[in-house]
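I went element by element and wrote down what I looked up.

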Amino acid sequence: MLISAIQKFTMIDFPEKIACIIFTAGCNFRCGYCHNPEFVLPERIKKIKKSFIPIEAAYNFLKKRKGLLDGVVISGGEPTVLYDLPEFIEGIKKMGFLVKLDTNGNNPSMLKQLIEKKLIDYVAMDVKTSEGHYKKLVGEKVKRAYIKESINIIKTSNIPYEFRSTIIKQVHTKKILKNMAHLVSGAKKYVLQEFRPGETLDPVYGEYTGFSRKEMEDIAKDIFIPIVENVSIRSQK
Ligand code: SF4
C-alpha cells in the first residue's frame, strides 16, 4: 500500500457517516484537470515517498478511532492500482468500520472482488466524460470496456453507490454531457461536481472554468434528471 495521507475526520465524503479518509498514491489515469499530480505522477511520488504513512501506523490510527468513526473512505490517486488493497481493507473491516471506495472504474475485476467479498459498503465512481472522449481526457491507459463493466457491476450490486462527474465548461459540451448521462442510464444516484481552477496535472486546465451553480442546475434538470433517479450538485458557489 502507498498511503500518502490521512484526513482524520469528514462528515461530507461518506454519505450519512462520520468518517476519515485514507489517500493512496498512484493512478493509471492522467486527467489533465487532476488537482493532485504529486500523488499521480511516479516522478513526483518518488520525491515525497519518504513522508508516506506505513500500513501499521494507519491501522494504529484506526484502532484509536473505534467507536468515534463509522467508516473509512479510501480515495486516491486510484486505490485499485494497488494489488494489496483488498488485504488492506480486510484489516479495516475486521476493526468494524464501514468502507467507502472512490474509484475511476478502470479496474472492474478488483471492484467485483471487493464487492463480492463484502469489503466495501459504498462506492463512488467517477464518470470522467463520454465514452468517445475518455482517452483524450484521461490518457491511454483507460479501457472503455472496463469503464462500462465497472458501471454495470456497480449498478447491479446491492451496495449504495454514486456516479459523479467534475464538469468543466471548456471540456464538457452539451453533447458530451448527454452521452455521459446515457452511459449511466438507470443509475440510482449521480453527483455533478464543480470544477475549481488551480494547480492541475496539465497546466492548461488550470485556466479552465467550472459551471456556475445555476448552470449546473440546468444541466441536471435538462440532461441527467430524465435519465437518473437522484441527481445532486456539489458546488461551493
Ligand atoms: S483519476 Fe484522474 S483526477 Fe483522479 S487521481 Fe487519477 S489522474 Fe487524478
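In which loop is the place of G77? I am working with a predicted model, and in it I find G77 in the loop between β3 and α3. I then checked the backbone there and noted that the peptide bond from G76 to G77 is cis, with omega near 5°.

**Ligand surroundings**

I listed the residues around the ligand next, and the list reads C27, F29, R30, C31, C34, N36, V40, G76, G77, E78, N104 and V138.

I turned to strand β3, residues 71-75, and asked how many of its residues are buried. The strand is mostly covered, with 5 of its 5 residues buried. Looking at the directions of the side chains, I see G71, V73 and S75 pointing one way from β3 while V72 and I74 point the other way, and all of them are buried.

Which strands pair with β3, and in what sense, parallel or antiparallel? Strand β2, residues 19-24, is joined to β3 by 5 bridges, and the two run parallel; within this pair I located C20 opposite V72 of β3. Strand β4, residues 98-103, also pairs with β3 in the parallel sense, here over 4 bridges, and L98 in β4 is the bridge partner of G71.

**Helix α4**

For α4, I looked up which residues are buried and found P108, L111, L114 and I115. They cover an arc of only 125° around the axis, so I place them on the same side of α4. The face turned away from that buried side of α4 carries the exposed residues S109 and E116. I set beside this the general point that an α-helix has 3.6 residues a turn, so residues three or four places apart point the same way.

**Helix α6**

I checked the length of helix α6, residues 144-155, against expectation: at 1.5 Å a residue its 12 residues should span 16 Å, and its end C-alpha atoms are 17 Å apart, which agrees. In α6 I find I147, S150, I151, I153 and I154 buried. These residues cover an arc of only 165° around the axis, which puts them on the same side of α6. On the other side of α6, A145 and N152 are exposed.

Why does I151 count as buried? I151, which lies in helix α6, has 20 C-beta neighbours inside 10 Å, and since the cut-off for a buried residue is 20 or more, I151 counts as buried. I also took its separation from F163, 12 residues apart along the chain, and the C-alpha atoms of I151 and F163 are separated by 8.4 Å.

**Two positive phi angles outside glycine**

E16 has a positive phi of about 65° although it is not a glycine, and I find E16 in the loop between β1 and β2. Is E16 buried or exposed? With 9 other C-beta atoms within 10 Å, E16 is exposed.

K118 likewise is not a glycine and has a positive phi, of about 55°. I find K118 in the loop between α4 and β5, and with 11 C-beta neighbours inside 10 Å it counts as exposed.

**Two contacts across the sequence**

H133 is found in the loop between β5 and α5 and is partly exposed, with 17 other C-beta atoms within 10 Å. From H133 to H172 there are 39 residues in sequence and 9.8 Å in space, C-alpha to C-alpha.

S235 has its place in the segment after β8, and I note S235 as partly exposed, with 18 other C-beta atoms within 10 Å. S235 and R196 are 39 residues apart in sequence, and their C-alpha atoms are 9.4 Å apart in space.

Methods
Residues numbered from 1 in each chain as written. Predicted model: local features only at pLDDT ≥ 70, side-chain atom pairs only at ≥ 80, totals over all residues. Near = placed C-beta within 6 Å. Buried ≥ 20, exposed ≤ 12 C-beta atoms within 10 Å, placed from the backbone. Pairing = 2+ DSSP bridges. Expected span 1.5 Å × (residues − 1). Arc of directions from axis to C-beta.
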